[in-house]
Structures are given as C-alpha cells and as structure tokens.
Amino acid sequence: MPSPVLGILTLYLNDKKHLEEKKVYEKMIEEGQKLGIDVYVFTPSDVNSSKELIHALMYLPEQNRWIRRWRSFPDLIFDRCRIQRGERFQELLRFRKKYAHLLFLNRPLRNKWTLHQALNKKALFRPFLLDTKLYGSTADVKLMLKKHKLLYLKPINGTGGRGILRIERSSKNDNILLVQGRDQQRRILSPKKIEIENISTFLPSADTETRYIIQEGVQLKLPNGRVHDYRMLVQKNKHGQWECTGCAGRIGAERSVTSNLHGGGRAAEMNELLSRWISLPEKRNEVRETAEEFGIEVAKYLEKTYGDLCELALDLAIDKKGHIYLIEVNPKPAREVFIEIGQDKIYRQAIIKPLEYSLWLYKQKNR
C-alpha cells in the first residue's frame, strides 16, 4: 500500500499569506514523516481547479525551510480553518462544497447556539449545560438577569474571547450592574458600573450582522480576582476510538473576563488549579474522571449528529462543589496549553493523534 498523503487545510490570516499555526504544521509534517505519511499544507486559494492541482506548502525538516510544489489532491484532508470575515472564508465555503466528496478527517460544526440546542436534546448532557438563550433584544438580557446574577454575552461564531461581555448584578443593589469584556480585537474594555435601565447602551444592536447568545455565568474568580477554566482535548486515536488526550487549566489576564491564552491568559496544571477549589484528592480524581467521560460522550454525539470529526476541545467550568459545566465546544483546538505547563509528552500526543488516526482511516478505506 502506498504512503497516504494528508493535506492540512487552513486559511491565510492576511494578504501576506501569514499562517497562524506554522510551528504546529512543521511539527505535524516532521512527525508524519516518521509515521510514513506525506503531509503538506494548503489553503483554498492555492487550488487550481481546472488542472486539479494544489500549489502546496511543504516543509523540509532537515533544511528547516518551506517550499512550494504543485501537488495532486491529497488522500485525506485535515480541516484546520477557523471562522474569518471576508473573501478568504467565502472561498473556503466554496471549496468545502465543491470537494465535499473528498475524504475529510473532520467536518465543520455549527455555531454556539445550534450546538447548545443539539446537546440539550440529550438528557445525559443537561446537568452539564449552562442556561443559554439566543439574544434578540435588551429585554432578553433583563429577563436572564432575573434568573442569574452573572451572564455572558457571546458572538455565536466568536473565537478567542472576541466581543464577549460579562454582566454581573451587584450584591448590594440589584439595579446596579458591573459590565466588563473585550472588543472584536480582543482588547480589554474598562469595567463600568451602570444602572440596569442603561444596559442597552452596552449591548449590540438587535439588527447587527453578528448574532449573540446570552449564557448563564459561573463564578470562577480566584482569590487574586482572575477568572479561570479548563481546556480538555479529546481526539481519536490510532484505532479510530475517542479518548481524552489531556486537560489543562487556564487563568485569565488581569481584568480579563476570559481565560484565553491568546488574550493574555496563562496555563496551569489541572490538578494544581483544581486544588485551589477542592481540597480532597479523591474528589479531584472523581471530577477529572467525570469530565473525561463527559468529553468523550460529547465528541461521539456531535460526530453522530454533524458528521466526521477527529478532535474537539471542551472549555469547562468547575465550581467549588466539583460540578462541571460546559462553557463551549471548540472544533479547531490549539495545543499550546500543554507546552506552557511543561507537558511535552501530551503536546506530542496532541500533534500525532490526528496523523495516527488518518493512517488508520486510510487503511480502512483501502481494504
């Protein structure tokens, strides 16, 4: 059987053809060579449809440099494209539609609201889900504030903490709100105290192109005032089975309402961070096992619902009682969180599992 060819599908971030995860792709190409997989990187704009060729980006580990070569279409495609605004993303949508017959390791998931609705249909998941509503007007926020002291307003297609607002009722006066957040460039907005009647001045217009969800918040501030959560990575292994690769804590930057590393947050070992909330080791182990089982079940269910997947990240909140809440699902997870806490073996596993799975899938399809 010939060596399989894996194409990593991504998007340029700008007109200078900058790639966000170039170091990750270098590592994947290097590890792919060891496994006998020919890996290259391409974007939809590198495709010549008339000639059925791709002007691929190829990395040469022994020379530590990138080159361009015209290549045939790959045997398998690993879609790493994240949502963008503009023509590059529209070009991606056209590519996915035209070449839907090709063998993809993973298919696109839906937005935050649609995913919440899908998961809410399954009774097993409901205890882990936060109360969530599609934002339509200021009245929706006020209604949710009657039920919950803390809310988050999020773009349904947002990533990296962009455009998120944190709205909290004052413990002393229900008519006073503390509003914090980030703008679309991830910049931290100065906290403001306002009367609830004036909340509309901080909320997006109902007719904006960007749609939002309102999500119940969980109190996750550490004694130093910084928020935290957990990033769990679940992936398919070399036997095509789902398993948890690792889970790490994330601590937000000062005054940040999110813990994203790209927004200035830092990583922490899960057990070390959990121990600040939960003192009993047995309870921490129980929480971790429950989280892993939940993550695997979510991955299985979403794959069954939306189509082929090979990895997912779940952002989790864990309260002081050890209750686990799903903040959101990320179908295109980064892996740097494990490097930051010195878990090099887990980071390597996060890199090679999609490669091992692609090798397994290729063999299954060619039997």
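Colleague: Which strands does helix α3 lie across?

Modeller: Helix α3 (residues 112–120) lies across β7, β8 (150–155) and β12, and runs at about 130 degrees to β7. Helices (H or I, at least four residues) and strands (E, at least two) are DSSP runs, numbered from the N terminus. Angles run from 0 to 180 degrees between N-to-C directions, with axes as lines fitted to C-alpha atoms, for helices over the stretch in contact.

Colleague: And what does α4 touch?

Modeller: Helix α4 (residues 138–147) packs on the sheet and touches β7, β8, β9 (165–169), β10 (176–182) and β12. Contact here means heavy atoms within 4.5 Å. The direction of α4 makes about 10 degrees with that of β12.

Colleague: Before I go on, what sort of model is it?

Modeller: It is a predicted model: local features need pLDDT of at least 70, side-chain atom pairs count only at pLDDT 80 or more, and totals for chains, interfaces and linings use all residues. Residues are numbered from 1 along each chain as its sequence is written, and side-chain values use heavy atoms, with hydrogens and water left out.

Colleague: Back to that sheet. What is the strand order?

Modeller: The order is β7-β12-β8-β9-β10-β11, six strands in an open sheet with antiparallel pairing. Two strands pair if DSSP finds at least two bridges between them. The edge strands are β7 (132–134) and β11 (188–195), each pairing on one side only. From one strand to the next, the twist averages 20 degrees.

Colleague: How many bridges hold β7 to β12?

Modeller: Three bridges, in the antiparallel sense, with β12 covering residues 212–216. Threonine 132 has glutamine 215 in β12 as its bridge partner.

Colleague: What about β10 and β11?

Modeller: Those two pair antiparallel over six bridges, and isoleucine 176 is bridged to glutamate 195 in β11. The hairpin has five residues between the strands, and arginine 186 takes a positive phi near 75 degrees there.

Colleague: Which residues lie nearest its centre?

Modeller: Of the 14 lining residues, Lys112, His116, Gln215, Ile327 and Glu328 lie nearest the centre. The elements giving two or more residues to that lining are α3, β12 and β17 (324–330).

Colleague: I see β17 there. Which sheet is it in?

Modeller: An open, antiparallel sheet of five strands, in the order β15-β14-β13-β16-β17. β15 (266–269) and β17 are at the edges with a single partner strand each, so one side of each has no neighbour in the sheet. Neighbouring strands are turned by 35 degrees against each other on average, direction ignored.

Colleague: How many bridges join β13 to β14?

Modeller: Nine bridges join β13 (residues 228–236) to β14 (residues 242–251), running antiparallel. Histidine 228 has isoleucine 251 in β14 as its bridge partner.

Key. On a 1 Å grid over the protein atoms alone, a cavity is a set of points where a 1.4 Å probe fits but cannot get out, and a pocket is an open set with protein on both sides within 12 Å along at least five of seven lines; lining residues have an atom within 4 Å of a point.
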